[in-house]
Amino acid sequence: MENASPININHSQNRQEYISQVVITAGQMRDIEGRIFAAGMPVAALMEKVAGLITLRIQELFSLSRNIYRVGILVGPGHNGGDALVVARELHFRGYEVWIYSPFSKLKELTAQHWQYAQSLGISCYETLEQLPNCDFLIDGLFGFGLERPLTDAIASAINHFNEWQKPIISIDIPSGLHTDTGEVLGTAICATYTLCLGLWKLGLLQDHALEYVGKAELIDFDIPFADVEAILGNTPKIKRITRKTALASLPLPRPAVTHKYKAGHLLLICGSRRYAGGAILTALGARASGVGMLSVAVPESLKSILVSHLPEALIIGCPETESGAILQLQLPENTDLSSFNAIACGPGLTREATPIVREVIESDRTLVLDADGLNILAQLGTIPTLQQRQAATVLTPHTGEFQRLFPDISDAKHDRIQAVREAAAQTGAVVLLKGARTAIANSQGVVWINPESTPALARGGSGDVLTGLLGGLLAQAATKQLPIENIVATAAWWHSQAGILAAQERTELGVDALTLTQYLMSAVRIQQC
Ligand SMILES: NC(=O)C1=CN([C@@H]2O[C@H](COP(=O)(O)OP(=O)(O)OC[C@H]3O[C@@H](n4cnc5c(N)ncnc54)[C@H](O)[C@@H]3O)[C@@H](O)[C@H]2O)[C@H](O)CC1
Ligand SMILES: [K+]
């Protein structure tokens with residue numbers, strides 16, 4: 001954090017950025033909340049403040065009109081339900097037609113008081129699903145981060161019932177039924193249209209399998225003092241969302257006024273085979289977009305001319321090839337060896353025949369990105385023992401299937417991807433990027449970056465090749481800087497997804513083939529720079 005006088009730390013840009021990055025668990029939220037109440041903030045006052053902010057946002061999302069005026073409020077037994085009851089009261093005063101549903105007989109005291117007051121205002125309250133009025137949208141205040149066990153019987157069937165209504169649902173803090181940390185569905189869960197996350201981003205909202213329940217997630221910042229967050233998480237929180245600011249900070253921009261091509265990094269790509277020539281081209285185009293000063297691309301000899309035609313500025317190295325057209329041997333130009341390069345990216349389109357090549361680059365002292373067949377070969381060689389000997393920085397970029405081949409003993413990456421990628425990084429000492437709808441990046445000290453924004457448009461062949469090239473190019477340029485490798489990897493993931501989002505906006509989610517994606521990389525970063 002830049003130095004800011006203590007007076008304004010809670011209102012500064014720094015706090016905004018910090019709050020937008022931090023990702024927390026239910027336990028950490030409870031501890032932070034505990035500090036706030038211990039410092040004298042009455043629970044009821046905080047609930048009033050939070051619910052007031054929720055009400056304002058709801059009025060923006062569903063402005064009162066002739067067609068939108070009926071709102072059903074689902075109330076749980078805890079303070080999530082308390083929030084919802086305050087929202088119910090405030091929307092009632094703002095002219096919405098409000099009804100409340102809660103099947104719980106035992107409510108927390110504050111929640112029970114709000115229930116009683118809502119009834120005194122004449123707001124219709126229901127305890128059973130029968131005869132519920134129609135509505136234009138629903139507000140889910142059943143459970144927040146206090147959900148402790150799977151939902152069963154009455155409340156589970158009620159949630160399924162409301163999901164079947166196909167009405168827009170706004171979930172307060174977390175879609176009810178989702179595990180706050182793993183994002184797992186505990187029995188069943190509300191399928192939210194919007195999730196208004198309170199105070200600090202909950203980890204479960206960033207887990208791939210939660211996304212279909214979360215809908216569009218927004219943060220309701222209710223001025224949690226920076227000191228309280230820092231007291232629980234420390235100055236460098238372990239799990240962070242990649243933000244535009246952090247991503248742009250690791251880009252090699254602006255360039256120094258005086259520079260030359262070798263100062264802007266030299267990347268060696270080792271990729272492609274006669275069967276997968278396209279993978280080599282896409283990886284090289286991704287690398288080109290990174291701005292790397294010099295790009296060398298080692299491919300089987302038979303691919304050399306097609307690579308030259310696509311990338312006239314790159315040094316294409318034609319290597320001896322096997323019968324089936326895989327690279328047989330890395331044959332670098334005269335007076336060149338692996339130490340001539342700032343970074344190496346190896347794997348796309350290699351096929352499994354290129355084991356000697358992968359072994360050679362692993363044994364080198366260069367910063368190394370392994371992807372695709374580079375990862376499959378690493379898995380065959382034995383992930384942990386093979387990497388143990390490496391001193392230089394290693395980045396692995398598996399999708400879920402490659403991850404499970406690399407780390408068969410790590411708990412199922414689908415269950416808790418964040419924990420899985422952390423374990424993989426700790427076991428290998430590598431930075432591990434686990435691809436997904438919310439790509440997660442971990443280093444061996446347990447720091448995790450999560451990319452909070454992406455698009456299903458990127459789920460296509462070749463998209464990963466582009467990322468590998470882009471990442472390799474950024475690492476080659478950063479070789480002389482002291483930036484943490486995981487920050488560079490996070491920036492590459494962010495840049496890649498922003499290009500996909502921009503391309504999908506202009507061409508729909510069906511129009512983002514990998515070649516098109518390479519053409520959006522530049523405009524994505526230019527737009528984000530404004
Ligand atoms: N974080 C903050 O600073 C603020 C949070 N607020 C809201 O409070 C909830 C958390 O409230 P809490 O009472 O701790 O938990 P819930 O509302 O999620 O309710 C849990 C409640 O339900 C019971 N329960 C747990 N599991 C089950 C189950 N499977 N079936 C039935 N009942 C279950 C449990 O015993 C609890 O009583 C947070 O999300 C915010 O919405 C503050 O209002 C504002 C500040
Ligand atoms: K909720």
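Two strands are taken as paired if DSSP finds at least two bridges between them. The legends below apply this criterion to a predicted model.

Figure 1. Strand β2 (residues 70-75) and strand β3 (residues 97-101) run parallel and are joined by five bridges. Within this pair, Arg70 has Glu97 of β3 as its bridge partner.

**Figure 2. The shell around ligand 1.** Ligand 1 is surrounded by 27 residues, of which Gly78, His79, Asn80, Gly144 and Gly146 are the closest. Two or more residues of this shell are given by each of the elements α2 (26-38), α3 (43-61) and α4 (79-93). Helix α4 supplies the largest share, five residues. By class, the shell comprises twelve nonpolar, nine polar and six charged residues.

Figure 3. The protein chain is divided into domain 1, spanning 9-237, and domain 2, which consists of 244-248 + 256-529. A distance of 40 Å separates the C-alpha centres of domain 1 and domain 2. Ten residues from domain 1 and twelve residues from domain 2 take part in the contact. The side of domain 1 that touches domain 2 is made up of four nonpolar, four polar and two charged residues.

**Figure 4. The packing of helix α10 with helix α19.** Two packed helices are described by the angle between their axes and the distance between the axes. For helix α10 (residues 277-289) and helix α19 (residues 514-529), the axes come within 9 Å and cross at roughly 5 degrees. Because angles under 35 degrees count as roughly parallel, α10 is roughly parallel to α19. Helix α10 contributes Leu282, Leu285, Gly286 and Ala289 to the contact, and α19 contributes Ala514, Leu515, Thr518, Leu521 and Met522. The contact of α10 with α19 contains seven nonpolar and two polar residues, with no charged residues.

Notes: Residues are numbered from 1 along each chain as its sequence is written. Chains are lettered from A and ligands numbered from 1 in the order in which they are written. This is a predicted model: local features need pLDDT of at least 70, side-chain atom pairs count only at pLDDT 80 or more; totals for chains, interfaces and linings use all residues. A residue is near a molecule or strand if its C-beta atom, placed from the backbone, lies within 6 Å of it. Helices (H or I, at least four residues) and strands (E, at least two) are DSSP runs, numbered from the N terminus. Ala, Val, Leu, Ile, Met, Phe, Trp, Tyr, Cys and Pro count as nonpolar, Asp, Glu, Lys and Arg as charged, and the others, Gly among them, as polar. Domain bounds come from an automatic or database domain assignment. Two residues are in contact if their C-beta atoms, placed from the backbone, lie within 7 Å. Axes are lines fitted to C-alpha atoms, for helices over the stretch in contact, and angles run from 0 to 180 degrees between N-to-C directions. Angles under 35 degrees count as roughly parallel, over 145 as roughly antiparallel, 65 to 115 as roughly perpendicular and the rest as oblique.
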